[in-house]
Amino acid sequence: MKVGVVTFPGSNGDTDCIETLKLVEGCEPQLIWHKSTDLMGADALILPGGFAHGDYLRPGSIAQFSPVMREVARFAASGGPVLGICNGFQVLTEAGLLPGALLRNQYILFHCAWTHVRVSSNRSPWLEGVEEGTVLRMAVAHGQGNYFADTETRRRLVEQGQVAFEYCDPEGNTSGESNHNGSVDSIAGVTNEAGNILGMMPHPERSSDPLLGSADGRVLFESLVRSMAAGAVGR
Amino acid sequence: MSLWLGRVTVIPKPSVNDPQGLAVLDGLHALGFSEVEQVRVGRHIDVRLDAEGAEEAEARLCQMCETLLANTLIESYEVQVQPVQEGAAV
């Protein structure tokens, strides 16, 4: 299956995504420039981390108008799996493809560290087959990952199983301490209602090889391959 | 058509946590400005534009805020317009 990785000017996680996808059996990674309106037959898309368009105005705010984004929206609307990592998550919220917004981290600290997240809902092709409650160790590196959504939206997210990840300690318990950036309800990742679009602040692609310190993140890409093979993703 | 200066202020909504404002508040307290009760940090944007009149300029600026200049989930905005003398620097 072909997985397209979008490069915006300022993306810096695109090559990491490509290298990780090469480690996953059944994945054929492909870079897509942000000015392209051709997704080159991609079966799934990744918007990587970085600082698209220099993070000017607000992170992701300019990238939402890159020519490729119209195709990304069309692809997502037809049920295609889309994963936004870090800055990619910010782009997806700014584009209105995912609910909520990402504010400055609490104490305006750029946080670059290992963190743990708990899979709260696996209702997504990116997490299919991953048991809910599973704790994953992944790298985070961001200054603006403080997830915000109003109370009503949060109630809906929980009800509909759209909270994919919560920050937690290694045992899977959430606390103020494990919630390093101040996100509401410790939310680290959310999906759209259908589950095919997933946005997350941690970097699974930088946590996909024991050499890097953790291979936990690889499970997302393996889940994708599995769910695509099973034809679970309707497009 | 005439030239207008739009002065746009974008500010976090009251219900939204403002880590920048909190950090500045702490800083001001540390400097001895103990009377400061609250700080909210936003953004000021100057936009020069052509429009038929003040009303049109304002309406266009509001559209710009809704689509790009503000994220209305978390921020509110205010727009003020004033005429610009031809050739004058802002």
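**Getting to know chains A and B**

Biologist: Which residue has its backbone oxygen 2.9 Å from a polar atom of the side chain of A:Asn146?
Modeller: This is a polar contact, meaning a pair of N or O atoms within 3.5 Å; within protein, one must be able to donate a hydrogen and the other to accept it, and residues adjacent in sequence count only if both atoms are side-chain atoms. The side chain of A:Asn146 supplies one polar atom, and the backbone oxygen at 2.9 Å belongs to A:Arg104.

Biologist: Before we go on, what kind of model is this?
Modeller: Residues are numbered from 1 along each chain as its sequence is written, chains are lettered from A and ligands numbered from 1 in the order in which they are written, and side-chain values use heavy atoms, leaving out hydrogens and water. Local features need pLDDT of at least 70, side-chain atom pairs count only at pLDDT 80 or more, and totals for chains, interfaces and linings use all residues, since the model is predicted.

Biologist: Which residues of chain B does A:Asn146 touch, not counting residues up to four places away in sequence?
Modeller: Touching is contact here, with heavy atoms within 4.5 Å. Within chain A, the partners of A:Asn146 include A:Leu102, A:Arg104 and A:Asn181. From chain B, they are B:Asn17 and B:Pro19.

Biologist: Is A:Asn146 buried or exposed?
Modeller: Buried means under 20% relative accessible area, exposed over 50%, and partly exposed in between (1.4 Å probe, protein chains only). A:Asn146 sits in strand S8, residues 146-148 of chain A; helices (H or I, at least four residues) and strands (E, at least two) are DSSP runs, numbered from the N terminus. Its relative accessible area is 2%, so A:Asn146 is buried.

Biologist: Which side chain does that of A:Tyr167 join through a polar contact of 3.2 Å?
Modeller: A:Tyr167 belongs to strand S9, residues 163-168 of chain A. With a relative accessible area of 0%, A:Tyr167 is buried. Its side chain makes the 3.2 Å polar contact with that of A:Asn181.

Biologist: How many Å lie between the C-alpha atoms of A:Tyr167 and A:His180?
Modeller: In sequence, these two are 13 residues apart. In space, C-alpha to C-alpha, A:Tyr167 and A:His180 are separated by 7.9 Å.

Biologist: What radius of gyration does chain A have?
Modeller: The radius is taken over C-alpha atoms, and the globule rule is 2.2 Å times the number of residues to the power 0.38. A compact globule of 235 residues would come near 18 Å, and chain A agrees with that, at 16 Å.

Biologist: And what is the radius of gyration of chain B?
Modeller: The C-alpha trace of chain B spans about 50 × 30 × 15 Å along its principal axes. For 90 residues, a compact globule would have a value near 12 Å, but chain B has 17 Å.

Biologist: What pattern does chain B follow along the sequence?
Modeller: Chain B contains two helices and three strands. Read along the sequence, they give β-α-β-α-β.
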